Amino acid sequence: ASSIVALLLTDFAYGLVTAVVWVAGHDRNGRDAVHSTSAAGIRTQHTVLLQVRGAGGAAMSTALLARDTQHRSSAVVLVPNLVEAQVPGSGTEAFGLAVAQADGPAVSRSTLSDLLGVRVDASWVLDQAAFARLVDAIGGIKVDVDVDVIGKQGKDNVVVVPKGTGQQLNGARALAVLSYRAPGEDELRAIPRFEHVVAGVLARLPAGTDALTLLAAKLGKGCELSDPGQVTSVVDGIRADASGRRAAFLTMPVLAVDAAGQRSYRMEAGGVNQMVNQILAASRLPGRFDPGNRVLVLDEVGTPGLGLKVRDKIVAAGFVFVDARDEKPFGNKSTTILVFDSTSRTMARGGQLAASLGLPHAPVKVTSRAQNIADLIVLLGSDFTA
């Protein structure tokens, strides 16, 4: 079995040393994870983005759930919400903010897809109240808690959930564990509590997609499934794999960034590529590593959400979306593709990009614009239609 090397910059569970290299390809019982592959070009792995929204609408907890039906193996990738990402239409910002936008679940799926270079098929988003109802609906969960979880009772600080193994949690207590940050604790130090909560929920979910569909319906407002059939199928498979000790839990490899007294993270590219190759290879986006494939979209129309629609079209055609930005003045009527040399290969690639937008006759022009993030630029006009 294969292993995945993930770089963590903080304690993982209970006491690893800062800046360690963690062999992360394991399930919760320490066994090596089975990597995902596709047979005969048929994709056997599907993915669901699970997120719990905080009070302001941004994500407070995020995990990418991946299930391979051929190997009957699963992976749960825990994603730091403060990792820097290119959010379509918004530029560089913390990944967790994507789900707070209009059509947030779709924006969040696209953002994580571009960040990891994998397909994200569907999403399950819960607000805090719906998450608490979920835990109550399954009869509570048992979780190992690594610190005393402190909350407010009137003006006083009280221990809401004491430190200890096998703590029985109802919905309110589970939410307290999920959202708690100890003094001086950054996001990576808190992620293991999310891992334990997810594992606890998986252990109590009812078996079968019909039962999961009914459960989701009972949660009511604040529970969003983008594709109920896809979500319940993946989640039910992961529930079974976790029960059979075939589910790996991993944290996305990131590097710490401290600026103006604020802690954030950026993707650790080498570690992420290894992770994807080992457990998400069957979901890898086409064209991710092809040369001359990176696309910057400059929106000269100004229509909200247009960058995301362009992104979805070009990624499906095998291009790599790097960013979408507004460029004034607005009012451009005709889309143009900009390239940086006039070789036949580059010009042909520009034509393919135009065709992916549904504009096969859009002109391809050589530019001398200074930039270092893209191989092709789309100057978007109002002739583009989603």
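In what order do the six strands of the open sheet with mixed pairing stand? In this predicted model, the order is 13-8-3-4-5-14. The edges of the sheet are formed by strand 13 (223–225) and strand 14 (247–251), each of which pairs on one side only. Averaged over the sheet and with direction ignored, neighbouring strands are turned by 15° against each other. At one end of this order, strand 5 (residues 73–78) pairs with strand 14 in the parallel sense, over five bridges. Within this pairing, Ala 75 has Ala 248 of strand 14 as its bridge partner.

A further open sheet comprises five strands in the order 18-17-21-19-20, again with mixed pairing. Strand 18 (320–326) and strand 20 (364–366) each have a single partner strand, so one side of each is left without a neighbour in the sheet. The twist from one strand to the next averages 25°. Strand 17 (residues 294–299) and strand 21 (residues 376–380) are joined by five bridges in the parallel sense, and Val 295 is placed opposite Leu 376 of strand 21. Helix 8 (residues 306–316) lies across strand 17, strand 18 and strand 21, and runs at about 160° to strand 18.

Helix 7 (residues 269–279) contains a set of buried residues, namely Gly 271, Val 272, Met 275, Val 276 and Ile 279. These residues lie on the same side of helix 7 because they cover an arc of only 135° around the axis. In an α-helix there are 3.6 residues a turn, so residues three or four places apart point the same way.

Several backbone features occur in loops. The peptide bond between Lys 328 and Pro 329 is cis, with omega at about 5°. Pro 329 belongs to the loop between strand 18 and strand 19 (336–339). Positive phi values in residues other than glycine are found at Arg 72, where phi is near 50°, and at Asp 103, where phi is near 55°. Arg 72 is situated in the loop between strand 4 (59–68) and strand 5, and with a relative accessible area of 47% it is partly exposed. Asp 103 is located in the loop between strand 7 (91–94) and helix 1 (104–116). The relative accessibility of Asp 103 is 52%, and this residue therefore counts as exposed, the cut-off for that class being over 50%.

Definitions and conventions. Residues numbered from 1 in each chain as written. Predicted model: local features only at pLDDT ≥ 70, side-chain atom pairs only at ≥ 80, totals over all residues. Heavy atoms only, no water. Buried < 20%, exposed > 50% of the residue type's maximum accessible area, 1.4 Å probe, protein only. Helix = DSSP H or I, 4+ residues; strand = E, 2+ residues; numbered from the N terminus. Arc of directions from axis to C-beta. Pairing = 2+ DSSP bridges. Axes fitted to C-alpha atoms, helices over the stretch in contact; angles between N-to-C directions. Contact = heavy atoms within 4.5 Å.
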